[in-house]
Amino acid sequence: TVTDQDIADDAKTTNDVVSYGMGLQGQRFSTLDKLNTETVKNLTPAFVLSYGDEKQRGQEAQPLVHNGKIFVTASYSRVFAADAKTGEEIWQYDHRLPEGIMPCCDVVNRGGALYDNLFIFSTLDAQLVALDQDTGKVVWKEKMEDFKAGYSNTAAPIVVKGMVITGVSGGEFGVVGKVEARDAKTGKLIWSRPTVEGHMGTLNGQDNGITGETNKSWPGDLWKTGGAATWLGGTYDVETDSLFFGTGNPSPWNSHLRPGDNLYSSSVLAINPADGKIKWHYQWTPHDGWDFDGVNEFVSFDLKKDDGTIVKAGGHADRNGFFYVLDRTNGKLINATPFVNKITWAKGINLETGRPEYDDTNRPGAPGSEAKGTSVFSAPSFLGGKNWMPMAYNPGTDLFYIPANEWGMDIWNEPISYKKGAAYLGAGFTIKPLNEDYIGSLRAMDPKTGKIVWEAKNKAPLWGGVLTTAGNLVFTGTPEGYLKAFDAKTGAELWKFQTGSGVVGCPTTWEQDGEQFVAVPSGWGGAVPLWGGEVAKTIKHLNQGGSLWVFKLPKTTS
Ligand SMILES: O=C(O)c1cc(C(=O)O)c2c(n1)C(=O)C(=O)c1cc(C(=O)O)[nH]c1-2
Ligand SMILES: [Ca+2]
């Protein structure tokens with residue numbers, strides 16, 4: 001069974017992968033080096049596990065591996081377990097989804113958590129389900145929220161100190177975001193931490209003593225339906241004993257309806273795992289008017305300064321186009337630099353105040369007496385300089401590897417009022433490419449200087465997670481169907497394999513019986529084909545799919 005110690009050691013141990021992020025800090029770094037810049041040319045398919053012919057939608061998950069079994073979630077809240085070496089299926093679980101679920105952006109799931117003998121994951125009807133690792137039978141099942149109010153779940157949970165901790169989706173429907181901690185063995189609620197200012201949290205069913213909180217950063221009653229969904233889950237850092245959860249867009253998108261900072265939307269929250277209290281927060285986009293969200297992973301790392309000192313830092317690439325380095329002990333901004341070429345909404349981030357310097361002419365206008373406010377061209381688009389797909393950090397090269405995209409959008413505001421279970425945007429948009437030859441670009445970011453060290457462009461938008469290894473490799477997928485490996489120092493493309501459908505999943509690696517394996521889901525989907533406007537038209541030809549590809553470096557060639 002999987003213990004708290006196994007989870008704490010996940011980033012160091014090489015024979016399994018028991019947590020989303022490949023370690024709770026979310027670095028997605030493996031110490032394995034058999035597979036390296038020399039040997040990667042010998043990486044060979046070991047097996048492919050099909051998810052069946054139906055339900056072929058976006059496959060965004062990161063697989064987990066334990067005790068010779070591989071576990072992966074799939075579209076429509078399904079889970080597959082197989083022999084990690086042969087791919088022979090052990091069981092599959094199909095959650096019976098009710099009519100009327102309301103995920104905003106495809107029927108995706110990003111993965112599960114292993115704990116004890118359980119595989120725990122969240123579902124599109126806003127439940128949390130724990131399955132027996134050996135049989136796939138339901139051990140416990142808990143409702144997190146009412147899907148009819150627009151709640152859904154797409155995030156991978158994490159397990160910290162025996163608690164399963166996760167968030168909710170629904171920012172496009174005026175839900176109230178929250179982070180929940182439950183007993184991982186029973187599913188019983190321990191604490192709940194709402195992410196919109198004004199709402200109170202609970203600990204063991206009691207008010208958790210959060211005092212002095214008002215709804216002052218919101219006008220009138222808008223905080224009651226303020227969004228800030230925690231739809232990407234979180235990370236955990238043992239050194240500061242903090243959970244880091246990002247929060248999504250404030251609801252509605254039309255920012256003129258809600259003057260103020262709209263806390264804690266589009267922010268990162270450092271949360272005490274003992275009681276759910278917020279230790280500090282940093283807001284990436286105060287008064288977000290572009291659906292920039294702020295959920296993207298906050299990755300703890302040691303920032304090595306020139307004078308030899310080490311700062312306990314965290315890195316974050318926001319949808320708004322800036323890469324941030326914060327002091328993770330207190331949330332103070334250390335640096336913020338663009339990781340995309342074009343940013344229109346702000347001139348920069350002020351290092352003194354920690355706030356953006358807005359360009360007010362580039363905020364979409366208020367709908368006045370007309371039904372539609374002034375439209376502006378905004379970059380990045382709301383699909384982001386980087387969306388949900390996780391970056392990776394390599395402590396050997398000291399670089400972050402960011403799956404970035406270059407695009408913009410026409411965006412305008414419209415009047416809107418809240419109606420339970422209905423879209424709550426008050427905005428319209430058309431996404432457009434900025435360049436003819438590429439949208440995606442895998443970028444190596446030096447967190448000390450804020451400079452891009454190398455980039456590898458891709459025609460279609462990048463929508464898959466990144467993995468980096470001590471073998472000086474960086475892996476990521478493309479919508480065109482490839483899993484690719486790059487040299488972590490130079491960005492040179494060293495290997496690629498065509499999986500038959502777009503790769504928007506998260507690659508992972510482990511070692512079994514002396515051989516190094518790499519696994520990645522394949523299956524095109526997610527938000528781009530649904531919301532991508534003019535960009536979506538350019539990639540209409542991409543085929544859907546649903547499978548798990550596993551590769552290995554055969555013993556004789558390592
Ligand atoms: O505010 C929210 O609750 C919410 C949820 C999700 C989701 O759960 O997938 C996405 C978004 N927002 C979003 O803005 C977005 O661009 C997005 C892309 C994707 C995807 O999986 O491709 N999900 C989501
Ligand atoms: Ca959103």
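The model is predicted, and local features are reported only at pLDDT of at least 70, side-chain atom pairs only at pLDDT 80 or more, while totals for chains, interfaces and linings use all residues. Residues are numbered from 1 along each chain as its sequence is written, and chains are lettered from A and ligands numbered from 1 in the order in which they are written.

The protein chain contains three helices and 40 strands, both taken as DSSP runs numbered from the N terminus (helices: H or I, at least four residues; strands: E, at least two). Its C-alpha trace spans about 70 × 55 × 50 Å along the principal axes. The radius of gyration, taken over C-alpha atoms, is compared with a globule rule of 2.2 Å times the number of residues to the power 0.38. For 558 residues a compact globule would have a value near 24 Å, and the 22 Å of the protein chain agrees with this. Of the 558 residues, 59% count as buried; a residue is buried if 20 or more other C-beta atoms, placed from the backbone, lie within 10 Å of its own, exposed if 12 or fewer, and partly exposed in between. Among contacts with a separation of 6 or more, 61% join residues 24 or more positions apart, a contact being two C-beta atoms, placed from the backbone, within 7 Å.

Ligand 1 is surrounded by 21 residues, of which the closest are Ser169, Gly171, Ala229, Gly526 and Ala527; a residue is counted if its C-beta atom, placed from the backbone, lies within 6 Å. The shell comprises eight nonpolar, eight polar and five charged residues. In this division Ala, Val, Leu, Ile, Met, Phe, Trp, Tyr, Cys and Pro are nonpolar, Asp, Glu, Lys and Arg are charged, and the others, Gly among them, are polar.

Most peptide bonds are trans, and most residues other than glycine have a negative phi. A cis bond, with omega about -5 degrees, joins Leu263 and Tyr264, and Tyr264 lies in the loop between β18 (242-246) and β19 (267-271). Another cis bond runs from Ala379 to Pro380, with omega near 0 degrees; Pro380 belongs to the loop between β27 (376-378) and β28 (392-394).

Lys161 has a positive phi near 50 degrees and lies in the loop between β11 (158-160) and β12 (163-167). With 16 other C-beta atoms within 10 Å, Lys161 is partly exposed. Asp293 also has a positive phi, about 50 degrees, but is buried because 29 other C-beta atoms lie within 10 Å.
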